[in-house]
Amino acid sequence: MRAMSLHLKLTFLYTGVLALILLVFGSLVYFFLERNLAAETDRAVVRIAEDLLRNTKIVETLSLRQIVLPNVDVFATPNTYIQVVDRYGLVAGQSVNLGGQSMPLSEETLRQVARGVGFYETVMSGSQSLRIYNQPLILDNQVIGVLQVGRSLGPIYSALTRLRFLLLFGSGITLLCTATLSWFMAGQALKPIDRITEAAAAIQQARDLTRRISYIGPRDEVGRLAETFNRMLERLHRAYRELEEAGAVQRRFVSDASHELRTPLTTIRGNVELLKKMGDTDPETRAEALGDIAGEAERMSRLVADLLALARADAGFTPAMGPVDLGALLEEISRQAGILAGDVEFAADGAAALQGTLVNGNTDYLKQLFLILLDNAFLYTGPGGVVRIEGRQRDGWAEVAVCDSGSGIAEEDLPKIFDRFYRADKCRQSSGTGLGLAIARWIVAQHGGAINVESRLGEGSTFTVRLPLA
């Protein structure tokens with residue numbers, strides 16, 4: 001079943017609310033007018049009865065006193081009838097407009113008259129309804145008759161019938177006009193939303209997240225909706241772009257990893273085939289082949305370890321942090337680095353400036369960070385070159401610089417050296433995996449720091465790590 005549109009719902013809502021208001025208002029008008037007309041009729045017949053009684057005379061004879069009423073026709077009107085009945089129910093007098101007919105008088109009416117108190121009743125006389133006021137006539141504390149003043153309710157019923165027609169007809173016309181106006185107003189109010197919907201559908205069909213909702217108008221609910229929708233599109237576009245970039249990086253990562261793993265595997269497989277064919281006939285060649293296999297296996301181990309480290313980084317791994325004495329850590333690293341230096345002159349005196357300096361970090365990862373930088377410095381600095389560590393505090397930061405006098409990095413390579421598997425052309429034949437600096441950058445980011453490099457080709461490089469003080 002197709003759902004009712006919001007346009008139609010709003011039209012029904014507006015029309016329904018007005019219909020309820022008209023129903024309540026019309027019912028109240030009808031109720032109060034009916035009560036007012038009934039009360040006015042009762043007051044009118046009572047006034048006539050009171051006027052008649054004020055003009056009534058008592059005539060005394062030798063032995064009798066008799067009530068003499070005035071001419072009742074003076075008080076009668078076309079819709080008002082007057083009748084005098086004695087206590088036995090016989091008509092003693094009536095207004096001419098009754099035409100010789102009598103107003104209804106029941107035994108129950110006579111019994112109530114005998115109590116001596118006036119009262120109202122509504123009776124049917126032929127085809128018309130009469131509102132009658134019965135006023136007892138009392139002489140010497142005895143009820144001798146009853147004065148009846150009646151008024152036809154026909155005019156009231158006719159007025160109420162016309163009122164009902166006017167209320168129903170007027171309400172119907174009003175509801176029809178309201179429904180038409182509500183349909184138009186709801187359409188105007190929903191038109192900006194329709195445009196937003198059409199624009200969203202066009203964006204979905206074209207799959208173009210660069211498009212935006214064009215809205216010109218006040219910053220009302222619809223304006224805020226368009227603004228929110230545009231902000232959502234901007235976030236989706238940015239997320240989609242980041243996802244595409246991440247996908248491209250991931251594909252490049254897999255491709256580079258496959259390439260890096262294929263080379264040592266090919267070397268290992270080739271040496272194994274050589275050993276199978278040669279056997280023990282040439283011990284020197286056999287030793288060289290085994291050395292190649294061991295070297296490539298070690299290289300693969302380093303590559304797999306680096307890949308696992310980056311995989312953990314991509315998975316959102318966060319190392320446990322705590323206070324680390326950066327000076328003590330650099331002293332320990334310097335002792336290990338002295339062994340790796342080989343023919344390169346290594347100086348760590350500059351790190352003494354950080355003794356007792358605390359940073360919030362992870363000891364193992366910080367150690368890995370500085371060993372990566374030192375290993376690269378030793379790798380690309382020839383025999384007789386110099387590698388040194390310098391430390392200092394500046395503006396709430398601890399800075400550690402690893403400087404070398406090696407081959408340096410070309411200016412066009414500097415923006416890319418922290419990318420995974422990236423190595424400058426002149427370094428492609430080195431034993432590195434191309435992942436060390438990518439891991440170093442991740443470690444620095446996890447510690448809330450920054451890493452940058454300054455280098456000139458043939459003049460050496462300086463990698464500077466900045467870490468916030470604890």
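Guide: A crossing is left-handed if the near helix is turned anticlockwise from the far one by less than a right angle. Keep that in mind; this is a predicted model.

Visitor: In which hand does α7 pass α8?

Guide: α7 passes α8 in a left-handed crossing.

Visitor: How do I describe two packed helices?

Guide: Two packed helices are described by the angle between their axes and the distance between the axes. Here α7 and α8 pack at about 145°. Their axes lie 9 Å apart.

Visitor: Which residues make the contact?

Guide: From α7, they include Tyr-365, Leu-369 and Ile-372. From α8, they include Leu-437, Trp-442 and Ile-443. The contact divides into 11 nonpolar residues, 3 polar and no charged.

Visitor: Where do nonpolar side chains tend to be in soluble globular proteins?

Guide: They tend to be buried together. In this model, the largest nonpolar core has 48 residues. Leu-326, Leu-369 and Leu-374 touch the most other members. The largest share, 9 residues, comes from α7.

Visitor: What does Leu-326 touch?

Guide: Leaving out residues up to four places away in sequence, Leu-326 touches Leu-354, Thr-357, Val-359, Phe-370, Ala-398 and Val-400. A second, separate core has 11 residues, among them Val-45 and Tyr-133.

Visitor: In what order do the strands of the open sheet run?

Guide: The order of the 5 strands is β4-β3-β7-β6-β5, with antiparallel pairing. β4 and β5 are the edge strands, each pairing on one side only. The twist averages 25° from one strand to the next.

Visitor: How many bridges join β3 and β7?

Guide: They pair over 7 bridges. Val-85 stands opposite Val-146 in β7. Helix α1 lies across β3, β5, β6 and β7, at about 140° to β7.

Technical notes. Residues are numbered from 1 along each chain as its sequence is written. This is a predicted model: local features need pLDDT of at least 70, side-chain atom pairs count only at pLDDT 80 or more; totals for chains, interfaces and linings use all residues. Side-chain values use heavy atoms; hydrogens and water are left out. A nonpolar core is a set of buried Ala, Val, Leu, Ile, Met, Phe, Trp, Tyr and Cys residues joined through side-chain atoms within 4.5 Å. Buried means under 20% relative accessible area, exposed over 50%, partly exposed in between (1.4 Å probe, protein chains only). Helices (H or I, at least four residues) and strands (E, at least two) are DSSP runs, numbered from the N terminus. Contact means heavy atoms within 4.5 Å. Axes are lines fitted to C-alpha atoms, for helices over the stretch in contact, and angles run from 0 to 180 degrees between N-to-C directions. Ala, Val, Leu, Ile, Met, Phe, Trp, Tyr, Cys and Pro count as nonpolar, Asp, Glu, Lys and Arg as charged, and the others, Gly among them, as polar. Two strands pair if DSSP finds at least two bridges between them.
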